[in-house]
Amino acid sequence: MENKSTMNASLLFFSALFLVLVSCCSLSSCAADADHELRRLQHASAKADGSLSFLVVGDWGRRGTYNQSRVALQMGVVGEKLDIDFVISTGDNFYDDGLTGIDDPAFEESFSKIYTAPSLQKQWYNVLGNHDYRGNVQAQLSPVLTGLDGRWLSMRSFIVDAEIAEFFFVDTTPFADKYFTDPEDHVYDWSGILPRNEYLSNILKDVDSALKESNTKWKIVVGHHGIRSAGQHGDTAELVSQLLPILEANDVDLYINGHDHCLQHISTPNSPIQFLTSGGGSKAWRGVVMPYDPSEIKLYYDGQGFMSVQITPSQVDIAFYDVFGNVLHKWGTSKDLYSTTMYM
């Protein structure tokens, strides 16, 4: 009887273990499949008039060094003044090589312990940068991190519907050919990306479809890599040829990115889109400016800082701040049913 009981207990144990393993495999499969879809999130404004305000910072995760902590301090000051609803990160969240796993102390040391101001205890919407792809990508996407810090939300590509504005977050790193053809000595985590052509095709199709279906007042697209940039990395040719035509055909108002470690505003006569770079979250001052038409560069600042955006149903106002909280540049546009006006 004792042997039979022991055998039954063993069978129950291994049966339970098998079910757990099957469940884990199924969840992993579902998660991988979900990475190829644009997920939609709702973010209703907490303000009575329905307006929105948020901050944008990129290229920041260096455990507080290279003035990351100073930028965070000024973000807290401006965030309180504007009563922000959320924060957007334009990627390269953890240097130099992303996270090693969900237990990597860099998450706390570069995020939770740095952005401590009361005004920054809001939702953070994060895209991945090329440095994030050098680590464990699934770790950054894991809900375990949200459990560690409830502000954290990171996906590959997704939509945030904030009623008067919709935000279309695009995973731009897989578009850049050089990470595949000439990775140098870096190792990239392409799990969930391959086959690459299919992945990129799905993104472009889904972004195009979502933009076409959108009837929001303001359409804002966020990615890590710049479409137009006078910084060290310059224009991203793959985005210019593949993504930009979709954005222009669907009346996108702003394209916001990081990647170049600077603050930048480019406005070209052949595109209605404003190209805004907020990549000054930590290490900057590269001293490199690519040849660009000076009339198209409304701001180029090579140092650290961040950006704010305020939105109402009829107006958008942006401002760029340096590490001391000084306003470097302001720009705005208003929109009604019939016309659009801009001011500097």
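Mentor: Start at Asp-235, which is partly exposed at 30% relative accessible area. The scale used here calls a residue buried under 20% relative accessible area, exposed over 50%, and partly exposed in between, with a 1.4 Å probe and protein chains only. A word on the model before we go on. It is predicted, so local features need pLDDT of at least 70 and side-chain atom pairs count only at pLDDT 80 or more, while totals for chains, interfaces and linings use all residues. Residues are numbered from 1 along each chain as its sequence is written, and side-chain values use heavy atoms, with hydrogens and water left out.

Back to Asp-235. Its side chain meets that of Arg-228 in a salt bridge, 3.0 Å from N to O. A salt bridge here is a side-chain nitrogen of Lys or Arg within 4 Å of a carboxyl oxygen of Asp or Glu.

Now look at Val-240. Val-240 sits in helix 8, residues 237–242. Helices are DSSP runs of H or I with at least four residues, strands are runs of E with at least two, and both are numbered from the N terminus. Val-240 is partly exposed, at 24% relative accessible area. Which residues does Val-240 touch, leaving aside its neighbours within four places in sequence? They are Ile-227, Arg-228, Asp-235 and Pro-245. A contact means heavy atoms within 4.5 Å. Val-240 and Arg-228 are twelve residues apart in sequence, yet their C-alpha atoms are 7.9 Å apart in space.

Next, a bridge with a wider reach in sequence. Asp-253 forms a salt bridge with Lys-335, with the closest N and O atoms 2.9 Å apart. Asp-253 lies in the loop between helix 9 (244–249) and strand 9 (254–257), and Lys-335 lies in strand 15 (residues 327–335), so the pair ties together parts that are 82 residues apart in sequence. Asp-253 is buried, at 15% relative accessible area. Lys-335 is buried as well, at 17%.

The structure holds eleven salt bridges. Another of them joins the side chains of Arg-196 and Asp-177, at 2.7 Å from N to O. Arg-196 belongs to helix 7 (residues 196–213) and Asp-177 to the loop between strand 7 (165–169) and helix 6 (178–181), so this pair ties together parts 19 residues apart in sequence. Arg-196 counts as buried, at 18% relative accessibility. Asp-177 counts as partly exposed, at 35%.

Move on to the strands. Strand 3 (residues 86–89) and strand 4 (residues 123–126) run parallel, joined by four bridges. Two strands pair if DSSP finds at least two bridges between them. Val-87 has Trp-124 as its bridge partner in strand 4. Between these strands the chain passes through helix 3 (residues 106–112), and this β-α-β crossover is right-handed. Right-handed means that, with the strands pointing away from the viewer, the path from the first strand over the helix to the second runs clockwise. Strand 4 is also joined to strand 5 (residues 152–154) by three bridges, and these two run parallel. Here Trp-124 stands opposite Trp-152.

Helix 2 packs against this region. Helix 2 covers residues 68–82 and reaches 21 Å from its first C-alpha to its last, close to the 21 Å expected at 1.5 Å a residue. That expected span is 1.5 Å times one less than the number of residues. Buried residues of helix 2 include Val-71, Met-75, Val-78 and Leu-82. Its buried residues pack against elements including strand 3, helix 3 and strand 4. Asp-83 follows helix 2, with a positive phi near 50°.

Finally, the whole chain. It has nine helices and 16 strands. Of its 344 residues, 55% count as buried. Among contacts between residues at least 6 apart in sequence, 72% join residues at least 24 apart.
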